[in-house]
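This report looks at how the parts of one protein chain pack together. Please keep the sequence and the 3D view open while reading, and find each residue as it is named.

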Amino acid sequence: TLFRSVPDGGFDDILYAYPLPFDKVEECAVLAERLEAFHVLVDSPEALEQLARRRLAKGKRWLVWLKVDCDNGRAGVKHTDPGALALAKAIAQLDAAELAGVYAHCGNTYD
């Protein structure tokens, strides 16, 4: 799987470019602790709570990108949702995380 093979491939800065799957938090934590930088996407307060519950070792912080849906119906919090700003603030205020940025993917560009 991705979680077993990627770290041994020589990469040390990886973005898991899919909103955080709750059943993969522990595997993400192992990579975040092992790699120089392992970034995750968050699109809900519930996902952020998962990260808050699973602190990283050695003083490392989760590198978190806010996943935004840019009106194409894909994953992410709607950019017009007032909760998007609240979620960005919550990420920035969580001592176990660092707001790395905002991530939007226009999947309709494949057409």
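The largest nonpolar core of the protein has 28 residues, and those with the most contacts inside it are Phe38, Val40, Val42, Trp62 and Val64. A nonpolar core here is a set of buried Ala, Val, Leu, Ile, Met, Phe, Trp, Tyr and Cys residues joined through side-chain atoms within 4.5 Å. The elements that give two or more residues to this core are β1 (13–19), α2 (25–34), β2, α3, β3 and α4, and the largest share, 5 residues, comes from α2.

The structure is a predicted model, in which local features need pLDDT of at least 70 and side-chain atom pairs count only at pLDDT 80 or more, whereas totals for chains, interfaces and linings use all residues. Residues are numbered from 1 along each chain as its sequence is written, and side-chain values use heavy atoms, with hydrogens and water left out.

**The chain as a whole**

The secondary structure comes to 4 helices and 5 strands, and from the N terminus on the elements run α-β-α-β-α-β-β-α-β. Helices (H or I, at least four residues) and strands (E, at least two) are DSSP runs, numbered from the N terminus. Of the 111 residues, 40% count as buried; buried means under 20% relative accessible area, exposed over 50%, and partly exposed in between, with a 1.4 Å probe and protein chains only. Among contacts (heavy atoms within 4.5 Å) between residues at least 6 apart in sequence, 65% join residues at least 24 apart.

**Helix α4**

Helix α4 covers residues 82–93, and at 1.5 Å a residue its 12 residues should span 16 Å, which agrees with the 17 Å between its end C-alpha atoms. The expected span is 1.5 Å times one less than the number of residues. Which residues of α4 are buried? They are Ala84, Leu87, Ala88 and Ile91, and seen down the axis of α4 the buried residues fall within an arc of 100°, so they line one face of the helix. The arc is that of the directions from the helix axis to the C-beta atoms. An α-helix has 3.6 residues a turn, so residues three or four places apart point the same way.

What covers the buried residues of α4 includes β2 (37–42), α3 (45–53), β3 (62–69), β4 (77–78) and β5 (97–104). The face of α4 turned away from its buried side carries the exposed residues Pro82, Leu85 and Gln93.

Ala47 and Gln50 lie in helix α3, while Arg54 has its place in the loop between α3 and β3. The table gives the relative accessible area of each residue.

| Residue | Relative accessible area |
|---|---|
| Ala47 | 1%, buried |
| Gln50 | 18%, buried |
| Arg54 | 18%, buried |

Ala47 is in contact with Leu20, Phe22 and Val42, and although Ala47 and Pro19 are 28 residues apart in sequence, their C-alpha atoms are 8.3 Å apart in space. Gln50 is in contact with Leu20, Phe22 and Val25, and Arg54 touches Val25, Glu26, Ala29, Glu33 and Trp62.
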